[in-house]
Amino acid sequence: MDLTNRMMEPEEFARQRQEVLNQWATGRDVDFEEAVAYHKSLPRSKNFTYKLAEGKARGITFAQPRAGVALLNEHLELLRFLEEEGEADFLPTTIDSYTRQNRYAEAQTGIDESRLVGRSMLNGFPAVNHGVSACRRLIEHLKVPVQVRHGTPDARLLAEITLAGGFTAYEGGGISYNIPYAKDVSIEKSIKYWQYVDRLVGMYEEKGVSINREPFGPLTGTLVPPSVSHGVAVIEGVLAVAQGVRSLTLGYGQCGNLLQDVAAIRTLPLLAAEYLNKLGYADFDITTVFHQWMGGFPQDEAKAYGVISWGAAAAALGKATKVIVKSPHEALGIPTKEANAAGIRTTKQILNMLKDQSLPMTEELALEEKMIREETRAILDRTLDLGEGDMAVGAVRAFQAGVIDVPFAPSRYNGGRILPARDSQGAVRVLEFGNLPFSEEIKEFHRERIARRGRDEGREPSFQMVIDDIYAIGKGMLVGRPRS
Ligand code: 8ZB
């Protein structure tokens with residue numbers, strides 16, 4: 001394995017860049033020096049990093065939707081609507097699935113078909129096909145900062161084009177955009193692809209242009225124990241900073257139990273800073289993103305608003321820097337712009353009402369924080385051991401060994417040996433540990449909590465409990481109780 005967590009050599013970057021920019025015709029429009037000058041010509045109010053830092057300093061939580069359609073004018077119209085009618089603090093550009101798979105010819109067919117039928121035939125905005133100047137038109141016509149959101153194991157060309165196009169934030173990472181999204185891409189490969197992206201961001205930083213990087217926190221979004229997603233988030237943070245990234249937003253997907261969610265979002269930046277410092281990095285700024293519930297939603301829009309509101313409340317009480325918003329159409333698919341805007345406004349109402357409130361530290365909250373810290377450290381310390389101090393090597397070996405194991409992931413590079421289940425208060429615990437490197441005390445805590453639920457429900461904890469939990473929120477509950 002020639003993978004390392006050292007900063008990529010300039011020669012290696014230049015060699016790959018040649019290749020990457022020739023993957024599609026629009027790649028040839030990328031001129032790095034000119035792009036740096038373009039960024040410097042933009043007002044600070046359009047830069048993601050500055051606005052995040054301002055929100056963090058003020059202790060407020062921003063709201064950001066997801067959104068993307070096939071054609072430029074329609075996409076711009078959608079984003080303007082979410083800015084004006086949705087009151088979005090940050091905007092996204094969600095990239096279509098063909099582009100995520102580097103299938104640009106098929107994305108082009110999607111664009112052509114969308115023009116013919118007069119509606120979007122892609123599930124996002126194919127930014128590679130549209131190219132640098134189309135991206136700049138978006139940025140110029142929008143007031144707030146815009147981020148690229150996708151799900152791409154090899155996102156090098158997409159990064160080159162969108163960053164040259166004026167976007168100031170880029171989601172993803174070598175683990176979080178592989179394991180939940182791909183079946184057959186090795187982690188070693190996707191980490192290398194993402195080292196390129198992080199190095200590119202580092203090069204912008206060195207030229208005085210700040211670009212925010214956000215690993216995708218929720219992973220599969222399906223009952224992921226906080227320590228598992230925190231482990232991955234910290235690793236991806238370390239990998240990013242090692243390539244010169246400075247503005248890092250670490251994410252977590254709502255599980256549904258308020259104390260566990262608040263504990264998770266509070267511990268995340270502290271754990272990341274702890275490991276970054278321990279590994280000798282000092283030049284970074286960490287903010288957080290809380291994802292409203294990423295699992296199955298109720299079809300009933302009124303109930304969906306309830307789920308959205310609960311996510312907004314947890315984000316506000318956890319003092320996340322921003323929250324990624326769901327829409328009342330979540331159970332049906334991609335939302336209309338009206339439904340999307342309604343989800344943001346619902347969220348903003350809650351954020352505004354809670355912005356001056358905070359949860360007091362209690363014994364229960366302290367316990368949740370302690371468990372998350374100990375479990376995350378167990379995972380990260382073993383990962384570093386396996387990598388002999390190198391986090392990139394460690395990550396590959398940790399997945400091989402099942403030391404990191406993401407529930408319900410499609411990737412064959414993920415062990416898939418752990419099973420999560422909720423406890424009687426809805427906190428996500430671990431039912432089957434696989435090879436998670438947890439101490440006996442930690443394991444006993446999980447067993448005891450799940451056993452207590454089993455007693456409440458008069459059944460042995462089993463796979464059925466897990467299934468029931470996966471569908472519970474969609475059916476109007478949190479804990480998947482058997483019908484009584
Ligand atoms: C992993 C992210 C899944 C979420 C939303 C889904 C789901 C995907 C779009 C979108 C608005 C799009 N999502 N693509 N939302 N416009 N083009 O991402 O609905 O909530």
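Author: Domain bounds come from an automatic or database domain assignment. This is a predicted model, and the protein is divided into domain 1, residues 10-354, and domain 2, residues 417-484.

Reader: What separates the centres of domain 1 and domain 2?

Author: The two centres, taken over C-alpha atoms, lie 31 Å from each other. The contact takes 16 residues from domain 1 and 17 residues from domain 2.

Reader: Which residues of helix 14 and helix 16 make the contact?

Author: Helix 14 contributes Leu-367, Glu-368, Met-371, Glu-374 and Glu-375, while helix 16 contributes Ile-442, Phe-445, His-446 and Arg-449. By kind, the residues of this contact are four nonpolar, one polar and four charged. As for handedness, helix 14 passes helix 16 in a left-handed crossing.

Reader: What makes helix 2 and helix 7 roughly parallel to each other?

Author: The axes of helix 2 (residues 32-41) and helix 7 (residues 127-141) cross at roughly 10° and come within 13 Å. Angles under 35 degrees count as roughly parallel. The crossing angle of roughly 10° is under that limit, and therefore the two helices are described as roughly parallel.

Reader: Which residues make the contact of helix 2 with helix 7, and how do they divide by kind?

Author: Glu-34, Ala-35 and Tyr-38 of helix 2 meet Arg-136, Ile-139 and Glu-140 of helix 7. These residues divide into three nonpolar, no polar and three charged.

Reader: How do you know whether Tyr-275 is buried or exposed?

Author: Buried means under 20% relative accessible area. Tyr-275 has a relative accessible area of 1%, so this residue is buried. Tyr-275 is found in helix 11 (residues 258-278).

Reader: Which residues does Tyr-275 touch?

Author: Leaving aside residues up to four places away in sequence, Tyr-275 touches Val-234, Arg-377, Leu-380, Asp-381 and Leu-384. The C-alpha atoms of Tyr-275 and Val-234 are separated by 7.5 Å, although the two residues are 41 residues apart along the chain.

Reader: Why is Arg-115 counted as exposed?

Author: The term exposed requires a relative accessible area over 50%. Arg-115 has a relative accessibility of 55% and therefore counts as exposed. Arg-115 lies in helix 6 (residues 104-117). Its C-alpha atom is separated by 8.9 Å from that of Ala-70, 45 residues apart along the chain.

Reader: What makes Arg-119 exposed, and where is Arg-119 placed?

Author: Arg-119 has a relative accessible area of 55%, which is over 50%, so Arg-119 is exposed. The place of Arg-119 is in the loop between helix 6 and helix 7. Arg-119 and Glu-74 are 45 residues apart in sequence, and their C-alpha atoms are 8.8 Å apart in space.

Reader: Why is Ala-14 called partly exposed?

Author: The relative accessible area of Ala-14 is 42%, so Ala-14 is partly exposed. Ala-14 is found in helix 1 (residues 10-21). From Ala-14 to Lys-189 the C-alpha distance is 18 Å, and the two are 175 residues apart in sequence.

Reader: What is noted about the phi of Lys-319?

Author: Most residues other than glycine have a negative phi. Lys-319 has a positive phi of about 55° although it is not a glycine. Lys-319 is found in the loop between helix 12 (301-317) and strand 8 (322-324). With a relative accessible area of 39%, a value between 20% and 50%, Lys-319 is therefore partly exposed.

Reader: How do you know whether Glu-388 is buried or exposed?

Author: Glu-388 has 69% relative accessibility, which is over 50%, so Glu-388 counts as exposed. The place of Glu-388 is in the loop between helix 14 and helix 15 (391-401). Phi of Glu-388 is near 50°, a positive value in a residue other than glycine.

Notes:
Residues are numbered from 1 along each chain as its sequence is written. This is a predicted model: local features need pLDDT of at least 70, side-chain atom pairs count only at pLDDT 80 or more; totals for chains, interfaces and linings use all residues. Side-chain values use heavy atoms; hydrogens and water are left out. A crossing is left-handed if the near helix is turned anticlockwise from the far one by less than a right angle, and right-handed if clockwise. Helices (H or I, at least four residues) and strands (E, at least two) are DSSP runs, numbered from the N terminus. Contact means heavy atoms within 4.5 Å. Ala, Val, Leu, Ile, Met, Phe, Trp, Tyr, Cys and Pro count as nonpolar, Asp, Glu, Lys and Arg as charged, and the others, Gly among them, as polar. Buried means under 20% relative accessible area, exposed over 50%, partly exposed in between (1.4 Å probe, protein chains only). Axes are lines fitted to C-alpha atoms, for helices over the stretch in contact, and angles run from 0 to 180 degrees between N-to-C directions. Angles under 35 degrees count as roughly parallel, over 145 as roughly antiparallel, 65 to 115 as roughly perpendicular and the rest as oblique.
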